[in-house]
Structure formats: structure tokens, C-alpha cells
Amino acid sequence: MQQRRLSGRRPLLLAVGAGVTVAALAAGMTSAFAATIFSDDFTDGDTSGWSKSGGTWTVDGSGVLNQSNAGSELARQFAGQTSWTNYSVQARVRPASFGSSSALVGLAARSSSSTKMYRLALLGSGRAELQAVNGSSVTAIGSASLGVGTGTWYTLRIETSGSTIRGFVNGTQIASGSNSLVGAGRIGLVTAYASGGFDDVLVDSSGGGTPTTPPPTTTPPPTTPPPTTTPPPAGWPTPTASQKVDATIPVSGTFDGGLKRYYGIGDGGQSESQDPMFVLAAGATLRNVIIGAPAGDGVHCEGNCTLINVWWEDVGEDAATFRGGTTYTVDGGGARSASDKVFQHNGSGTVYIKNFRVENAGKLYRACGNCSTSYQRHVVIDNVIVRNTDAIAGINTNWGDTARFTRITIVGDPDRETSICVKYKGVPKGSEPTEIGEGADGVNCLYSPSDITYQ
């Protein structure tokens, strides 16, 4: 159950002013803003936020955007801003038919006009080609023979950094080169004398590629010095009141629930289509809240966020999903009855979990093993009580993820069956990650025997 859809309803777009590169803007932002500047998975059933040029475009019932006119000379959907410069764009692409060996289904970056762009094309010849397109003039930056066929999903990614343009198919670089045709522009979904489907579009300002294999390329976060005065909560709080929720509650700034119970969204199961109870904007804080059942998909953090004294009485799909930021903090509170995982980490950066208790769960934390973008992720877990839980953390060691543990108390596990740190091999979206081991190793899973206490 690691596969997650990206943005849910409407496409997410953070504006970037003219003359400012995405990378420069991101560097100058406060930490409240995320690396993700646009995402759309079309589950809203339309193409709001996109502009069409040619072709016949519809969103089907499964949330896939299809271009069905294989006779169209050039069909395009554009999104984003013409001022975007250094960024990465990724999408899943499924060719449905090719009219000839030169017909194509692909992804575009830096589209300064409807006919001027960089394009990563899947061709009817079976090749993938990274192209610089200027009207009828097409220059191949590089290509690879991949045996591209119809009916198969391919994850395409274009990275632009200055004059360096790189193309990836299913996480493997197939082309890289220097080209100065166009310095800024929008993203695009493109077909030419072909039909195909598109899904899970993501644009980020990181500019980098997929995470590298170990050793990690970034320094793991240091262990937070253990506080001396804040023990995990001794028990579950009694709600001060209850409130049925019929629609997701957006949070900007700070939302203090006064320990009121909120419930009523979703069916309490593992369905991927459930709405969250709360959506936290970048920099938001949710505190003193009890989330009852049903709770849908819990809490979504769209950027950096803080959860203080938040309790989940019966976790549905996930308690919280960390999506777009770089630093997320869970301080106090607890969660129970999570058949899969409590905290899902889809974005980049580090999750800090401290002074928390978890009961009757699959995992306390899971770094996404098959999301559309494969970040290197970190978690720091301190001062946590664990009861009847299969594993505390699951990470993807091939991407350089790390997990640090201090002051972990495991209750009622005389046979020591609880896994502290489970290692996976992360994979592209559409596949399932595989478990490859567990336990402290001094590189990815960081703890010593003295960090774990059994009661």
C-alpha cells in the first residue's frame, strides 16, 4: 500500500515571478515553502489549470488524461509559467497508438511557445529521444533504444539546469547535453500522430535527479538532543467535545482544537481515494486535536508543518502524509489501530517524531518506496512508546534514506518481534518496493542497543 496519488483535487501551483529562476526563488524562500511547485493527478476529472492546443483530450474515470486523436499533427496541454527556468518535470506516460515510426507521445519542459520547447519523446520506432524543438526543426540531444510499446506506462522526467538538459525514462538517464535553445517556459504533455494517456505530473525546483545509491549523498540529520522534561503521554486523552466533519478542513497558521474530537470523513478503510480530515498549508501548525473515526486520509502537510499533541483514535488510510516540505515535526500525541502505517513520507527532507506513543500499528513511519518522485528522505525518532506494532520505521536504503532512533520503549514484546528499522529497495511508481533487510548498520539505520528499552 505504498503507492500514493499526488495532489488529489485541483493541481497545485506555486507562482514564480518573471525573471526569477525557480531554483533561485527556492533558495531565497523561508523553509515554509516546498520544492514541489506544481502537481496534478487528474483525479478531479478535468484539466483545470492546463491550456490545450490541438487534439482531443479527456479525463477518464480512473483519473488519467487521454489524448485520443491519433490523426492530430501536434496535440499539447500546457501548464505552469513561462518564467520557469531551472526545474524538473516528471509524468507517467502511456502510448496507446503510433501512426508511424516518427509519431510520438511525450513530455515537454521550458515551452516558451507552442512550438519551441525541450521534449522527451517516446517514438513509434521504439526509441526514447530527448529533443530541442524549434518549430519544424528538431535537434536530438540524445536517445536510447528501449523497445517502447503501446499500453505500457513509462515514467518520463526532464531536468533543466542552465544550458544542461537531461532526460530520464523509468529512473534511468537516457540523454544529457548542453543546449541553449530556450531558457524558460512552461511544462507540456505532447503527442504527434499518436494517442496516449498521461498521469501524475510533478514539477519541482530541486533540479536534481533521482536519489543515488548508498552511501548517502547528503549528511543525515543529527539526532536531536533528548529533552529531559517531556515524557511521552501516559494515556489517551478524553475529548472535550465531538464535531462531525463533512469536508476537509484547511489550516493556515495555527489551528488549536482544544482537544475536541473531529470525525466523519471516509470509510475508515485503506482506500486510496479518501479525502484528508485536515490539509495544512506550508508552515501551518495543528495542535490539541483528537481525530476520531472515520478519519479519511488523516492529515496532509503540503509543506513544512508541525503537529503538536495530535491524537488518532483509529487510523484509517494514514494518520498523516508529509508531501511537499523539507521539515516536519510531530511532538506529543499518539496513534492506534493503523493496519498499515501511521506516518507516510512522500516529500523530501526530514520528519521528526518525538514524545509520541503508537499502538496496534503496522509501521510508525514509512518513507514512500514508489512515489512519482524518489527523494532521499530522513526520519529522527526520539522518546517514543511502542506497543503491538510490527515495525517502527521503513526506509529505502538504495536512495540513501536514514532513520535515527533514541529512547525507544517497546512494551509487551518479550520475544522482541518488533522490527526497529526495515530496509527496502525503492522502485518507480507502478511497482512494489521489496524488503531487503533490517537492523542497525551505522549507515542508514542508526541506533545502538542502549537506545531501545523493552518493558
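View 1. The model is predicted, with local features needing pLDDT of at least 70 and side-chain atom pairs counting only at pLDDT 80 or more, while totals for chains, interfaces and linings use all residues. Residues are numbered from 1 along each chain as its sequence is written, and side-chain values use heavy atoms, with hydrogens and water left out. The sulfur atoms of Cys301 and Cys305 lie 2.1 Å apart and form a disulfide, a term used here for a pair of cysteine sulfur atoms within 2.5 Å. The torsion about the S-S bond of Cys301 and Cys305 is about 90°, so this disulfide is right-handed.

**View 2. The disulfide of Cys368 and Cys371.** Cys368 and Cys371 form a disulfide in which the sulfur atoms are 2.1 Å apart, and both cysteines are buried. Because the torsion about the S-S bond of Cys368 and Cys371 is about 105°, the disulfide is right-handed.

**View 3. The disulfide of Cys421 and Cys445.** Here the sulfur atoms of Cys421 and Cys445 are 2.0 Å apart and form a disulfide, and the link is left-handed, with -65° about the S-S bond. The pair links distant parts of the chain, 24 residues apart, with Cys421 in strand 30 (residues 419-425) and Cys445 in strand 32 (residues 445-446); strands (E, at least two residues) and helices (H or I, at least four) are DSSP runs, numbered from the N terminus. Cys421 and Cys445 are both buried. The count for the protein comes to three disulfides, and with bonded cysteines counted along the chain their pattern is 1-2, 3-4, 5-6.

**View 4. The cis peptide bond between Ala293 and Pro294.** Ala293 and Pro294 are joined by a cis peptide bond, for which omega is about -5°. Pro294 is placed in the loop between strand 21 (284-291) and strand 22 (299-301).

View 5. Phe42 is not a glycine, yet its phi is positive, at about 65°, and the residue lies in the loop between strand 2 (36-40) and strand 3 (51-53). Phe42 counts as buried because its relative accessibility is 0%. Ser337, also a residue other than glycine, has a positive phi near 60° and is placed in strand 26 (residues 334-345). With 32% relative accessibility, Ser337 counts as partly exposed.

Note on methods
Buried means under 20% relative accessible area, exposed over 50%, partly exposed in between (1.4 Å probe, protein chains only).
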